[in-house]
Each structure stands twice: as C-alpha cells, then as structure tokens.
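Hi,

Here is the structure I promised to pass on. My notes follow below it.

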Amino acid sequence: MKRAIIAVAAVVFVWAGSAGIAVGKVVYVDGRASGADNGTCWADAYIFLQDALTDANDSEKPVEIRVAQGVYRPDGSDAEPNGTGDREATFSLIDGVALQGGYAGFGEADPNARNIELYETVLRGDLDENDIDVNDPADLQDEPTRAENSYNVVTGSGTDANAILDGFTITGGNANGSNWRNRYGGGMYSESSSLTLSNCTFSGNSASGNGGGMYNNGENTTLTNCTFRGNSAAGSWGGGGGMYNKGENTTLSNCTFSGNSAVGQWAGGGGIYNLWSSPTLTNCTFSGNSAKWGGGMLNDECGPTLNNCIFWDEEYGIWDYDSWTTITYSDVRGGYPGEGNIDADPCFADPNKGDYHLKSQAGRW
C-alpha cells in the first residue's frame with residue numbers, strides 16, 4: 001500500500017508523536033508478538049486488536065491502546081484466529097479509549113518508537129485477504145474480490161470526544177448491504193457521537209449509499225491531518241465519496257480529499273457531501289475528486305466555512321443545492337464564507353499512485 005504524507009497549501013506535515021491525552025492503563029497490540037497474549041507489554045501484546053478493545057472496554061478509563069505496525073481485520077480474535085467472515089464485524093471505538101497506531105512494536109530496537117509513515121498500521125476490511133486494486137474508485141463496489149469485505153471497518157457510534165482514533169490507515173470497507181445501516185460509511189460509520197480523529201488515511205473504501213470513506217452524523221466531531229483518497233459512494237440522492245457529513249459542529253483541519261468519486265445520476269459530493277451541516281474547514285485541500293453534482297463538495301441546506309483551502313482540478317467544483325448552482329472558484333476565493341482560499345495546483349508528486357508528497361517547483365523531486 002502506498003504511504004501518503006499529507007500536503008496542504010504548500011506545507012508538508014510530517015507527524016511522529018503522540019496525541020496529548022491523559023494516559024491511564026496502556027494496552028499493547030502486535031500481530032507479531034509471541035508472549036502471553038495479554039496486552040501488558042510489547043512482548044506479551046495481544047495478537048488481535050479486538051481482544052484489546054474488549055480489555056479496554058472492561059477497564060477503568062482512560063485507556064490507551066498502542067497498536068504496532070501491520071494489518072488488522074475486524075473479524076479476527078483469539079477465539080476466532082482465522083476470522084469469522086462476518087461482514088458485520090467492525091472495530092468499535094469506546095468512550096475514554098485512545099486507539100493509537102504507528103508503533104514500531106515487538107522485536108524492534110525501540111518498540112515504543114512511533115511514526116505513522118514508517119510503521120504503517122492498517123485496519124482492513126478485506127476478510128478473505130484477496131482484494132485486487134482498481135484504477136477507478138467508481139469500480140470498487142463491483143469488484144468481485146470485495147464482495148465479502150466488512151460493511152464498516154470502524155464504527156464510532158454513541159461515543160463522546162474522549163473516543164480517539166489516531167494514526168491508522170482504514171481501507172477495504174464495502175458498505176453494500178441490504179439495509180441502510182450497512183450501506184453507509186464503508187471506512188467508518190459514526191452516529192450520535194463526538195469523535196476525535198487524527199493522522200488517519202481513508203483509502204479504497206466504498207458505499208452503495210452515502211460516505212464511501214466516512215459517514216458522520218454526530219456532534220463535535222474533529223478531524224485533523226486526515227486524508228481521504230480513492231473512496232467511492234453511489235447514494236441515489238446522496239453520495240460523499242470521501243465523506244458524508246450530517247453532523248453538527250464538525251471541524252476539519254489540514255485534511256486532504258483527493259481522487260474520491262460519487263457515482264450515479266443524482267450522486268454528488270465526490271470529496272465531501274454536507275447535509276444540514278455547516279462544517280468549518282481550515283487548511284484543507286481538494287484535488288481531482290469527481291461527481292455529476294459537485295466534484296469537490298456538495299452543500300445541501302447548509303454552508304460551510306472555508307479558510308485557507310485549496311480547490312483544484314475538481315469535476316463540477318462545488319454544488320449548492322439550495323441555489324441549484326455551481327459555485328465557482330472565484331466565489332470561493334471571494335469568501336464562501338471564509339478567507340484565504342485559492343484555486344491552485346497543490347503540486348502532489350504523483351496523486352494517481354497515492355503519493356501526496358509535495359514536488360519541487362521545477363517538478364524534479
């Protein structure tokens with residue numbers, strides 16, 4: 001899997017640290033550990049993330065779960081080491097629990113070293129471990145190797161702002177079920193919650209309804225330094241290839257939406273679809289997203305505040321359902337409302353291959 005470095009407004013953000021949270025009990029997870037499998041240290045780390053979540057749920061809060069590099073699937077546990085194949089399986093966030101990836105882990109010189117690029121930690125919905133890549137995210141739902149994938153890789157429903165997800169790549173979700181709950185939020189589904197998401201990448205997720213990468217219908221949800229790339233949604237009257245946002249007081253900072261799509265005659269918001277919600281976006285980049293209605297963004301009975309954001313190479317730009325018009329980049333530059341917005345090439349090195357490093361002005365590196 002290609003590793004992405006978030007690039008916003010000509011600034012490269014390289015993160016290698018820890019979210020500033022209160023730490024009580026620490027639980028360790030590493031699929032390579034060979035010890036007691038009780039989560040008390042790296043040598044005795046839980047093999048499966050689901051077992052660590054069960055431990056944290058039963059423990060006094062706060063709890064920090066430290067997850068080492070590697071791939072973790074939601075249907076596996078100590079009781080089911082080969083996985084259940086249950087598409088309803090999901091990683092559920094918990095109040096008072098900080099779930100943090102990007103650790104070096106067992107066997108490394110410094111197992112507590114943390115760098116989300118070097119030690120990529122992946123939450124993957126590919127239950128049969130057979131997914132093949134697609135060139136166009138619009139093809140994700142019809143790709144036969146994804147037919148058994150999890151409906152929602154991560155779920156954050158009913159939580160408060162003390163539920164934290166930090167430093168993960170979320171991929172392989174395929175929300176194409178027969179009921180609405182299983183048709184939204186292939187990468188992550190959030191309902192009636194307040195969440196804090198940092199340094200996460202949503203990539204290669206799909207939904208037959210809304211929110212290929214993420215479906216958010218909560219309050220006070222905050223996303224910082226997150227990337228949505230190559231996700232797809234096909235809601236008949238919705239969409240939101242990268243993110244479908246129906247939540248109140250949603251805040252996005254230093255986030256990138258690139259190469260996402262909303263497919264279908266009335267699907268909109270290739271990057272993000274906002275319904276009855278007016279989020280605040282600061283230092284965010286939209287590039288190469290597509291949809292018939294609002295490739296970059298679609299706003300339905302709402303109006304976001306955009307500050308220092310980039311919109312570039314968007315098919316049909318920003319669509320406003322209320323006025324039934326496309327909002328031009330000059331409108332965005334003039335304040336939508338907000339300030340400091342531009343329509344300029346963000347100069348990603350190779351976005352078609354998932355490389356979001358910034359290239360030099362001459363394009364040589």
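A definition to begin with: buried means under 20% relative accessible area, exposed means over 50%, and partly exposed lies in between (1.4 Å probe, protein chains only). Ser190 has 0% relative accessibility, so Ser190 counts as buried.

Please keep in mind that this is a predicted model, where local features need pLDDT of at least 70, side-chain atom pairs count only at pLDDT 80 or more, and totals for chains, interfaces and linings use all residues. Residues are numbered from 1 along each chain as its sequence is written, and side-chain values use heavy atoms, with hydrogens and water left out.

Back to Ser190, which belongs to strand 13 (residues 188-191); strands are DSSP runs of E, at least two residues, numbered from the N terminus. Its side chain makes a polar contact with the side chain of Ser193 at 2.4 Å (a pair of N or O atoms within 3.5 Å, one able to donate a hydrogen and the other to accept it; residues adjacent in sequence count only if both atoms are side-chain atoms). Beyond four places in sequence, the contacts of Ser190 include Gly156, Tyr215 and Asn217 (heavy atoms within 4.5 Å).

One is open, with 8 strands in the order 5-8-11-15-19-23-27-30 and parallel pairing; two strands pair if DSSP finds at least two bridges between them. Strand 5 (70-72) and strand 30 (310-312) each have a single partner strand, so one side of each lacks a neighbour in the sheet. Within this sheet, 3 bridges join strand 19 to strand 23, and Thr227 stands opposite Thr256.

Another open sheet has 4 strands, ordered 12-16-20-24, also with parallel pairing. Ala233 has Ala262 in strand 24 as its bridge partner.

Best wishes
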